[in-house]
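Trainee: May we go through this structure together? I would like to begin with a loop and then turn to the core.
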Amino acid sequence: MYVCLCNALTDEDVCRARAAGACRPAEILAACNCRAQCGTCARTLRDIARAHAHELADAAD
Ligand code: FES
């Protein structure tokens, strides 16, 4: 699923960036060699990063 239309970034791209240590939207975009343009995706990037962090925490338990 595309989460950032400006950069053609998918949820899988975001999860890979999160797994590599990116937490904030700007960090996620940078990890994907992208940059913020319209900013519409920021909330979605945060939500996906947060959900991915919970999945990692659950997997570690
Ligand atoms: S949708 Fe991500 S910067 Fe525009």
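**Loops and core**

Mentor: Let us begin with N33, which is found in the loop between α2 and α3. Please keep in mind that this is a predicted model.

Trainee: What is the phi of N33?

Mentor: The phi of N33 is positive, about 60°, although N33 is not a glycine.

Trainee: And is N33 buried or exposed?

Mentor: N33 is exposed, because it has 10 other C-beta atoms within 10 Å, and a residue with 12 or fewer counts as exposed.

Trainee: Where does A8 lie?

Mentor: A8 lies in the loop that runs between β1 (2-4) and β2 (9-10). Its phi is near 50°, a positive value in a residue other than glycine.

Trainee: Why does A8 count as exposed?

Mentor: A8 counts as exposed because it has 11 C-beta neighbours inside 10 Å.

Trainee: Changing topic: how many residues does the largest nonpolar core have?

Mentor: The largest nonpolar core has ten residues: C4, L9, V14, A17, I28, L29, C41, L45, I48 and A49. At least two residues of this core come from each of α1 (11-19), α2 (25-31) and α3 (42-60).

Trainee: Which helix supplies the largest share of this core?

Mentor: That is α3, with three residues.

Trainee: And what does I48 touch?

Mentor: Leaving aside residues up to four places away in sequence, I48 touches V3, D11, V14 and C15.

Notes. Residues numbered from 1 in each chain as written. Predicted model: local features only at pLDDT ≥ 70, side-chain atom pairs only at ≥ 80, totals over all residues. Core = buried A, V, L, I, M, F, W, Y, C linked by C-beta atoms within 7 Å. Buried ≥ 20, exposed ≤ 12 C-beta atoms within 10 Å, placed from the backbone. Helix = DSSP H or I, 4+ residues; strand = E, 2+ residues; numbered from the N terminus. Contact = placed C-beta atoms within 7 Å.
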